[in-house]
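Here are my notes on the model, jotted down while going through it. Have it open beside you as you read.

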Amino acid sequence: MAPPKKKHAGSQQACVIPGGFTELSLQFNSDSVSRHKLYVKEHRVRAEKSSHRPLDRTLFVLNVPSYCSENVMKDLFSLFGTIESVELRDHPGSFQHSGPKLAWIFKPAEKKGFKVGYIVFKKPSSITAAKSHPQNVPLMVCTEERPVKTGVQKWIQQYKRSFIQPEKLQQLVDSFMNDYDKRKEEEAERQKEEAEQQQEDGEGWVKVTRGHKGTKARPHSEAANQRTLQKEMRKKKRKELMNFYTWQHRNTQKEHIAQLRKKFEEDKQRIALLRAQRKFRPY
């Protein structure tokens with residue numbers, strides 16, 4: 001019986017490891033002896049329904065080294081197709097964008113170490129192309145067309161970048177303040193609309209409207225809570241010691257019946273007057 005044929009190490013085939021990840025080789029430059037390993041797979045999370053990470057066009061990348069920035073990752077994976085966006089994070093998680101968008105100078109210093117990445121391609125076929133890339137063909141980080149600085153040169157570049165011109169800084173501050181004022185105006189307009197919707201009419205009714213489809217119910221505002229509390233206090237004050245004794249309760253009922261009879265007689269007189277003033281007489 002002939003022995004089975006063994007595949008040699010240089011075969012042009014992708015390496016798939018447990019967990020559904022595909023192993024990609026990464027080499028810093030052509031002179032580097034060692035290679036780094038990236039682990040990629042298609043991003044499929046049911047709980048996350050965000051347009052920023054489409055489930056059929058997003059590639060999830062693990063073990064991204066610190067010398068690979070978002071621009072470097074975009075250049076590396078553009079080999080497999082057109083890229084819409086690249087996001088690097090310290091740990092996996094859902095997309096959370098809260099608060100205003102800050103310039104790089106106002107952001108805290110990034111943590112050094114390995115990161116995870118989310119690469120969004122323009123076409124779903126790019127995911128298949130990245131996963132089928134052969135393992136023995138490394139992705140080159142630093143080339144003549146795309147140099148990546150390291151060591152002392154990188155420190156010098158970071159030091160020079162830490163200084164910013166006053167004019168540029170003023171532009172960033174003005175842009176941030178304009179966005180802040182715009183958000184404040186929108187918030188004030190929204191609170192005004194809520195106050196108008198919750199305002200009572202002459203008979204004490206409050207108009208309740210349905211919000212946009214898919215929006216979560218918001219809690220009552222402070223002004224609405226104060227109005228409800230004051231209304232309950234007035235109602236409680238009117239009932240205080242009003243019908244404490246039996247004779248008080250009996251007198252209250254008599255007065256109520258007398259008012260109903262009086263209103264009934266007034267309504268009868270009003271109806272008689274309307275009948276007398278009616279001009280159309282069919283008989």
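Predicted model: local features only at pLDDT ≥ 70, side-chain atom pairs only at ≥ 80, totals over all residues.

1. Let me start with the loop around Pro-147. This proline sits between strand S7 (139-140) and helix H3 (151-161). Pro-147 counts as exposed because its relative accessible area is 63%, and over 50% is what exposed takes.

2. On the overall layout: the chain has 6 helices and 7 strands. Going along the sequence, you get β-β-β-β-α-β-β-α-β-α-α-α-α. Of the 283 residues, 20% are buried.

3. Now the largest nonpolar core. It has 25 residues, and the ones touching the most other members are Leu-59, Val-61, Met-73, Phe-77 and Ile-119. Two or more residues each come from strands S2 (21-27), S3 (36-42), S4 (58-64), S5 (83-89) and S6 (115-121), and also from helices H1 (70-77) and H2 (125-131). H1 gives the largest share, with 4 residues. As a general point, nonpolar side chains tend to be buried together in soluble globular proteins.

4. A backbone spot to look at is Asn-63. Its phi is positive, about 65°, and it isn't a glycine. Asn-63 belongs to strand S4, and with a relative accessible area of 25% it is partly exposed.

5. The closest N and O atoms of Lys-115 and Asp-90 are 2.7 Å apart. Lys-115 is in strand S6 and Asp-90 in the loop between S5 and S6, so the bridge ties together parts 25 residues apart in sequence. Lys-115 is buried at 14% relative accessible area, while Asp-90 is partly exposed at 41%.

6. Then there's helix H6 (residues 246-276), which holds both Arg-270 and Asp-267, 3 residues apart or about one turn of the helix. They form a salt bridge with closest N and O atoms 2.8 Å apart. Both partners are partly exposed: Arg-270 at 47% and Asp-267 at 27%. Lys-263 joins in too, as salt bridges with shared partners link Lys-263, Asp-267 and Arg-270 into one network.

7. Another bridge pairs Arg-44 with Glu-42, the closest N and O atoms being 3.1 Å apart. Arg-44 is exposed, at 61% relative accessible area.

8. Last, the surface charge: Asp-179, Asp-181, Glu-185 and Glu-186 make up a negative patch. Glu-186 is part of helix H4 (residues 166-197).

Key: Residues numbered from 1 in each chain as written. Heavy atoms only, no water. Patch = residues over 30% accessible without salt bridge, like charges linked within 9 Å, V, L, I, M, F, W, Y side chains within 5 Å. Areas by Shrake-Rupley, 256 points an atom, 1.4 Å probe, with all protein chains shown as cover. Salt bridge = Lys/Arg side-chain N within 4 Å of Asp/Glu carboxyl O. Lys, Arg positive; Asp, Glu negative; His and termini not counted. Charge placed at Lys NZ, Arg CZ, Asp CG, Glu CD. Core = buried A, V, L, I, M, F, W, Y, C linked by side-chain atoms within 4.5 Å. Buried < 20%, exposed > 50% of the residue type's maximum accessible area, 1.4 Å probe, protein only.
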